[in-house]
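Please consult the sequence and the model alongside the text.

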Amino acid sequence: MATSSCRIRPVNYETDGVSVIEISDSWMYSAAVLLGLILLVGGWKLAALVTPGFGMDPVLALSSTVTVAIFVLSILVHEMIHTVTLLTIGGCRWADVRLGISWRSLTPYVSWSGPIALRHYQASVLAPFLAMGLVPFVLGCWFNAPVVVAWAVLMISAAAGDLVLFSRTVGLPGQSVVWDNQKMLGFSAILPTPE
Ligand SMILES: [Zn+2]
């Protein structure tokens with residue numbers, strides 16, 4: 001029997017009369033790809049504006065085999081940050097969490113079973129973007145480290161799908177609980193029953 005150790009237990013929505021919404025529209029994947037390209041080009045142009053010396057150095061660095069390896073490793077670290085957030089803040093068990101590779105987009109992903117609180121889901125979704133993207137981007141610009149900025153732009157772009165997911169959580173009631181959609185980009189949310 002499937003049991004979840006996530007802190008919030010499943011609600012029997014068939015009998016409890018609570019609202020369940022499915023947020024996994026097929027356009028979300030296209031939106032993520034488009035946003036990823038916009039963030040890559042826009043981030044690169046912004047970096048060139050605010051970081052003296054930003055230009056061919058990071059481009060040359062990024063063309064090296066070592067840097068390609070760093071990029072692949074960084075994507076794995078990105079997924080590990082999702083995982084660690086789910087295991088800690090989200091209260092999920094290791095057995096609930098699944099790491100895999102989406103052959104459609106050639107990207108690794110992390111999925112989990114069982115519901116978690118909306119704000120824990122939001123933390124898990126945003127954690128890699130903040131830790132590997134936004135914060136290094138700002139620090140790299142601040143300390144004028146072009147290679148760090150270039151890496152951060154790539155990591156911001158790689159978080160485009162997460163940003164699309166996060167945007168779909170905005171406006172949901174704070175007491176909602178969510179499930180990952182294990183087949184496609186998206187999730188289901190159980191909305192709290194009105195008082
Ligand atoms: Zn992600």
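## Contacts of Ile-156

Which residues does Ile-156 touch, not counting residues up to four places away in sequence? They are Leu-39, Gly-43, Phe-129, Gly-133, Leu-134 and Phe-137, where two residues are in contact if their C-beta atoms, placed from the backbone, lie within 7 Å.

## Basis of the model

The model is predicted; local features need pLDDT of at least 70, side-chain atom pairs count only at pLDDT 80 or more, and totals for chains, interfaces and linings use all residues. Residues are numbered from 1 along each chain as its sequence is written.

## Overall architecture

The chain comprises seven helices and six strands, given as DSSP runs numbered from the N terminus (helices: H or I, at least four residues; strands: E, at least two). Along the sequence they follow the pattern α-β-α-α-α-β-β-β-α-α-α-β-β.

Of the 195 residues, 32% count as buried; a residue is buried if 20 or more other C-beta atoms lie within 10 Å of its own, exposed if 12 or fewer, and partly exposed in between. Among contacts with a separation of 6 or more, 71% come from residues 24 or more positions apart.

## Packing of H5 and H7

The axes of helix H5 (residues 118-142) and helix H7 (residues 160-169) come within 9 Å and cross at roughly 155 degrees; axes are lines fitted to C-alpha atoms over the stretch in contact, with angles from 0 to 180 degrees between N-to-C directions. H5 is therefore roughly antiparallel to H7, a term for angles over 145 degrees.

The contact involves Leu-118, Tyr-121, Gln-122, Val-125, Leu-126, Pro-128 and Phe-129 of H5, together with Asp-162, Leu-163, Leu-165, Phe-166 and Thr-169 of H7.

Ala-131 lies in helix H5 and counts as partly exposed because it has 16 C-beta neighbours inside 10 Å. Its C-alpha atom is separated by 9.5 Å from that of Met-155, 24 residues apart along the chain.

Asn-144 is placed in the loop between H5 and H6. Although not a glycine, Asn-144 has a positive phi of about 50 degrees; most residues other than glycine have a negative phi. With 13 C-beta neighbours inside 10 Å, Asn-144 counts as partly exposed.

Notes: Angles under 35 degrees count as roughly parallel, over 145 as roughly antiparallel, 65 to 115 as roughly perpendicular and the rest as oblique.
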